[in-house]
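Morning, everyone. Let me take you through one model. Have a look at it first.

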Amino acid sequence: MGTNVQTFRRSALDPAKVAAVCYRQRGTLIEFLLVNTDSGRWTFPKGTVEAHLGPRDSAALEAMEEAGAMGRISEEHFCVYLHAKRSCRRDSVKELEVAAFLMHVQELVEPEEGHRNPTWFSAREAKLRLADRRSARYQRELTRVVDHAVDVLCSRRKVKLSKSSLSVRAMRGR
């Protein structure tokens, strides 16, 4: 019996989910901050778009809640990737488009979701961790996100980063 896959596509201006691709640079090395899912896999901090925040600030909020990461986040998403979400029925998978925003982490605090174990990885190690226990299709999707992030960060093309409109106090006080 095959798995039923439904793909939910929305416009990039109105994504189903958002992710914060958190990074730091140490000399020429770019490192990515990943968090654990409830099933023990590694992923980027991600979640749904809060209606009162919009995609960009929702991604910043997810970074804070899941990884304790604060910093400057891209004003626009830099890529869109597919994320598989199993439904209650075992034979059904929902594919959601995730708009990914680059976040230059400037400060780490204790995350609200303490079980997430935020950890820094090199780009190579991040791709390996993200691929673990995922189908080949989603391995390719997440590898593409890391590769594209590295390309954008290493290119001469500058990404416009700015502080989220969320106040640090508001984010900490939640």
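Where is the place of N117? It is in the loop between β8 (92–108) and β9. Strands here are DSSP runs of E, at least two residues; helices are runs of H or I, at least four residues; both are numbered from the N terminus.

Ground rules, quickly. This is a predicted model: local features need pLDDT of at least 70, side-chain atom pairs count only at pLDDT 80 or more, and totals for chains, interfaces and linings use all residues. Residues are numbered from 1 along each chain as its sequence is written, and side-chain values use heavy atoms, with hydrogens and water left out.

Back to N117. Its phi is positive, about 50 degrees, although N117 is not a glycine. At 39% relative accessibility, N117 is partly exposed. The cut-offs: buried is under 20% relative accessible area, exposed is over 50%, partly exposed is in between, with a 1.4 Å probe and protein chains only.

R133 also has a positive phi, near 60 degrees, and R133 is a residue other than glycine. R133 sits in the loop between α2 (123–131) and α3 (136–154). R133 counts as exposed because its relative accessible area is 51%.

Now the overall layout. The protein chain has 4 helices and 10 strands. From the N terminus, the order is β-β-β-β-β-α-β-β-β-β-α-α-β-α. Of its 174 residues, 48% are buried. Contacts mean heavy atoms within 4.5 Å. Take those between residues at least 6 apart in sequence: 75% join residues at least 24 apart.

Next, aromatics. How many aromatic pairs does the structure hold? It holds 2. Rings of Phe, Tyr and Trp (its six-membered ring) pair if their centres lie within 6.5 Å; planes under 30 degrees apart are stacked, over 60 edge-to-face, the rest tilted.

W42 and F121 make an edge-to-face pair, 5.0 Å centre to centre, with 80 degrees between the planes. W42 is in strand β4 (residues 42–43) and F121 in strand β9 (residues 119–122), 79 residues apart, so this pair links distant parts of the chain. W42 is buried at 11% relative accessibility. F121 is buried too, at 7%.

F44 and Y81 are also edge-to-face: 6.3 Å between centres, 65 degrees between planes. F44 lies in the loop between β4 and β5 (46–48), and Y81 in strand β7 (residues 79–86), so the pair ties together parts 37 residues apart in sequence. F44 is buried, at 0% relative accessible area. Y81 is buried at 2%.
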